[in-house]
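Take a look at the structure below.

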Amino acid sequence: MFTKTAKYYDSVYSGKDYADESKQLASLIRKWVPEAKTLLDVACGTGRHLEHLAQSSGFDCTGVDLDHEMLAIARERVPAAIFYAGDMCDFALDVEYDVVACLFSSIGYARTVERMNRAVANMASHVLSGGILVVEPWITPESWIVGKIHSSTVETDEFVVTRMMVAEPVERGRVVFEYMIGGSNGISRVSETHEMGWFTHLEYVSAFKEAGLTAEHIQPGLTGRGLYIGRKS
């Protein structure tokens, strides 16, 4: 995934307001589980949400991610948190949490409906009775525009990164990222292909139901894509 570009990830997403998103999420959690203390972030990336959820909101935080380079950054950023390497579909921790969250549309990396069902079931199995699972969906099928290109450029004292991405014409979504990275040693080009999958509202609801949770879809959520929330009885 972001293995080749992990060191640039936070700079590329420097415009994302992790602090506000984390504040919104903490407020939502307090409404659903007022006494919540423990939180697991699945596909936690570089730990930006966990940084705020731990330091500003006081949760005891744990993170899981598949990318070892991203985890290395997260461990340095949030030393009080515990981090594990694992796939959202089959990680197995001998712990249950008041809240399990999968944010920033990371559920899209499940790719297929079958794997998304497995991921939701696996995450739900790590939720304490009375706790909640929170999933921020990826884009909807209707918003997938084949050939659409996005681009951004970020400059720091050490490097300049321009990233372009294009939506490819595959069944459920593939994103190709092309980076031009300039630094004191010259300019390099990096390409990354992210195999992802969009899912319908009914597919999310069905996955929660199969996992023993009743899904509530809350709009607009943290970033406009909504949130699926299910309580474990």
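**Rings, a charge and a sheet**

The charged end of Lys 16 lies over the ring of Tyr 18, at 5.6 Å from the ring centre. That charged end also sits over the ring of Phe 104, here 3.8 Å from the centre. The model is predicted.

Phe 104 belongs to an aromatic cluster together with Phe 2, Tyr 9, Tyr 13, Phe 177 and Tyr 179. How many aromatic pairs does the structure hold? There are ten. One of them is formed by Tyr 9 and Tyr 13.

Strands of a sheet pair through backbone hydrogen bonds, and they can do so in parallel or antiparallel fashion. Here seven strands make an open sheet with mixed pairing, and their order is β3-β2-β1-β4-β5-β11-β10. At the edges are β3 (82–85) and β10 (214–218), each of which pairs on one side only. From one strand to the next, the twist averages 20 degrees.

Strands β4 (residues 97–102) and β5 (residues 127–135) run parallel and are joined by five bridges. Val 100 has Leu 133 in β5 as its bridge partner.

Helices also meet this sheet. Helix α5 (residues 113–124) packs on the sheet and touches β1, β4 and β5, with its direction at about 145 degrees to that of β5. Helix α2 (residues 18–32) lies across β1 (38–42), β4, β5, β10 and β11 (227–231), and runs at about 25 degrees to β11.

Conventions:
Residues are numbered from 1 along each chain as its sequence is written. This is a predicted model: local features need pLDDT of at least 70, side-chain atom pairs count only at pLDDT 80 or more; totals for chains, interfaces and linings use all residues. Side-chain values use heavy atoms; hydrogens and water are left out. Two strands pair if DSSP finds at least two bridges between them. Helices (H or I, at least four residues) and strands (E, at least two) are DSSP runs, numbered from the N terminus. Axes are lines fitted to C-alpha atoms, for helices over the stretch in contact, and angles run from 0 to 180 degrees between N-to-C directions. Contact means heavy atoms within 4.5 Å. Rings of Phe, Tyr and Trp (its six-membered ring) pair if their centres lie within 6.5 Å; planes under 30 degrees apart count as stacked, over 60 as edge-to-face and the rest as tilted. A charge sits over a ring if NZ of Lys or CZ of Arg is within 6 Å of the ring centre and within 35 degrees of the ring normal.
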